[in-house]
Amino acid sequence: MLASAKPAAKNAADALIVGGGVIGLSAAYHLARAGSRVTLLEKGAVGSGASSRAGGIITAHLWSKTGIAARKISLRRFNELSEELGDYGYRFQAVGCLNLFSPAEWAARKQLLPLYDACAVPYEILDAAAMRRRWSLLKPPADALGLFDPLGGYSEPADYIPALTRRCRDLGVDIREGVTVSAFDIRGGRIRGVSADGEALSAERVICAAHSWTNRLLTAAGRSLPLKSFVHQRYVTAPLQNAPALPAVNANPYGAYFRPAKGKRILLGGETAARAEFGNPPLAFEMDQLRAPPGFGDSLREQVQPLLPLLAGLPISDERVGLISFSADGEPLLGALPGLPNLLLGAAFHSGGFAYNPVAGMLLAQLASSGATMLDISAFSPARFSAAETAGYLSAELRQRDAFSRRH
Ligand SMILES: Cc1cc2nc3c(=O)[nH]c(=O)nc-3n(C[C@H](O)[C@H](O)[C@H](O)COP(=O)(O)OP(=O)(O)OC[C@H]3O[C@@H](n4cnc5c(N)ncnc54)[C@H](O)[C@@H]3O)c2cc1C
């Protein structure tokens, strides 16, 4: 399975991590903090995949017991990370996260409230008048309902990623940028290492945090996972006169989300529902090659304007386009690859991988060190899909609206 015939070089690290997005960096950080020696291989610059493009919105109001339990840990960790990475310029913005619903959408979301109660996740249900009173900039229609996560908020990826990278380096993580892993070395039911830019590196454990490139690496080793990627985009406006007093908002009836952004701006994002899936990108693909449909940012801004009138006439100054990826059941893929206990992976975090990263990194670090995790993550196990389910999902041609509706 290894591209190079050269014998694997002895690598000083306890774990090799493929991918320097927030998932790989978080795994590196949590491993290094616990004393492990880590080498992280990133084919571009750290954060150059989806992570630097993220809106950075975080909430625990998810759809499954495991997802909610995991996000509760992430939210706690984001607050702790404000301390741990404070000297490196990072701070979690605890503005809360408001999920907005039309009456029809609310009928579906209401079904999840018993699960939120069972998981002890705090929430407030707000009618339109209550939302207008609390956030005077918001003008929801009279029949709208809001589900507010008081512990939610956002992080600026442009602060978080450099801070986490520097902290990792200070802890001794060997971060190698511009290094492409071309193959996994799998022999005798174990991964022995990787081939990277012609060099064979051996490792006891490999963590694959390669996001949309995961299947490209796995198929070269005769394996695959039910993972599909879709193009997604977000925008930042020109500065306002004052910093907007807003929570992070998932404006479901408007097909968009927004939040305050650094420099008195608004970050605004949304799906292109009719756009076809992206396919299985080659290793040489970079997300900078992606484009949003022309004018999409302005049409999104106009779409959201009735809810947030201050957007009227506000120019857009930044556009970021990237990929988000979904598994066949909408839940993440996190754990060992079936039949390969020392190849661990974290992928398919839908448009919520930034929010998952602290807990995902902790879980991957726990799997790589003791094997015991603080949460039962069998619902995320890559082994939960049969070969037929994987093949069926991969052969179907989906548009984004056909994938699971998962925002953050
Ligand atoms: C526009 C947009 C907005 C989003 N908004 C939010 C949000 O508000 N909240 C939220 O929680 N999530 C959001 N997301 C989702 C979030 O960005 C992703 O889920 C998350 O960044 C995934 O992190 P990752 O580390 O798995 O992937 P990535 O950041 O893509 O990192 C994977 C890395 O692996 C590297 N790599 C791949 N193959 C190889 C190889 N063979 N060798 C070496 N390196 C390799 C890539 O170069 C890449 O840097 C958004 C995504 C987009 C695109």
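Which element gives the most to the shell around the ligand? I started my notebook with that. I looked it up and found β17, with four residues.

**Entry 1: what kind of model**

The protein averages a pLDDT of 95. I also see that 97% of the residues score at least 70. Residues 1-7 are another matter, with a pLDDT below 50. In the model this stretch has 17 contacts beyond near neighbours in sequence. I keep a rule in mind here: where pLDDT is low, the predicted coordinates should not be read in detail.

**Entry 2: the two domains**

I turned to the domain assignment. Domain 1 is made of 15-53 + 159-225 + 329-402. Domain 2 is made of 93-151 + 228-327. I looked up the distance between their C-alpha centres, and it is 27 Å. Next I checked how they meet. I found 27 residues of domain 1 in contact with 26 residues of domain 2. On the domain 1 side of that contact I list seven nonpolar, 12 polar and eight charged residues.

**Entry 3: around the ligand**

How many residues surround the ligand? I read off 43. The closest are G21, G49, G55, G322 and G353.

By class, I get 18 nonpolar, 20 polar and five charged residues in the shell.

**Entry 4: the core**

I then looked at the largest nonpolar core, which has 123 residues. Two members, I17 and A28, touch the most other members. The element that gives the most to this core is α9, with 11 residues. I checked the domains again here. The core draws at least three residues from each of domain 1 and domain 2.

Which residues is A28 in contact with, leaving aside neighbours within four places in sequence? My list for A28 reads I17, V38, L40, C168 and V173.

**Entry 5: two positive phi angles**

A120 has a phi of about 55 degrees and is not a glycine. I place A120 in the loop between α4 (113-118) and β5 (124-127). Is A120 buried or exposed? A120 has 9 inside 10 Å, so I count A120 as exposed.

H350 has a positive phi too, of about 40 degrees, and is not a glycine. H350 sits in the loop between β19 (340-347) and α9. The cut-off for buried is 20 or more such neighbours. H350 has 25 C-beta neighbours inside 10 Å, so I count H350 as buried.

**Entry 6: P150**

Last, I looked up P150. P150 is in the loop between β6 (145-149) and β7 (153-154). With 14 C-beta neighbours inside 10 Å, P150 counts as partly exposed. What does P150 touch, not counting residues up to four places away in sequence? I found G96, P122 and E124. I also checked P150 against L98. These two are 52 residues apart in sequence. In space they are 8.4 Å apart, C-alpha to C-alpha.

Technical notes
Residues numbered from 1 in each chain as written. Predicted model: local features only at pLDDT ≥ 70, side-chain atom pairs only at ≥ 80, totals over all residues. Domains from an automatic or database assignment. Contact = placed C-beta atoms within 7 Å. Nonpolar A, V, L, I, M, F, W, Y, C, P; charged D, E, K, R; others polar. Near = placed C-beta within 6 Å. pLDDT = per-residue confidence, 0-100. Buried ≥ 20, exposed ≤ 12 C-beta atoms within 10 Å, placed from the backbone. Core = buried A, V, L, I, M, F, W, Y, C linked by C-beta atoms within 7 Å.
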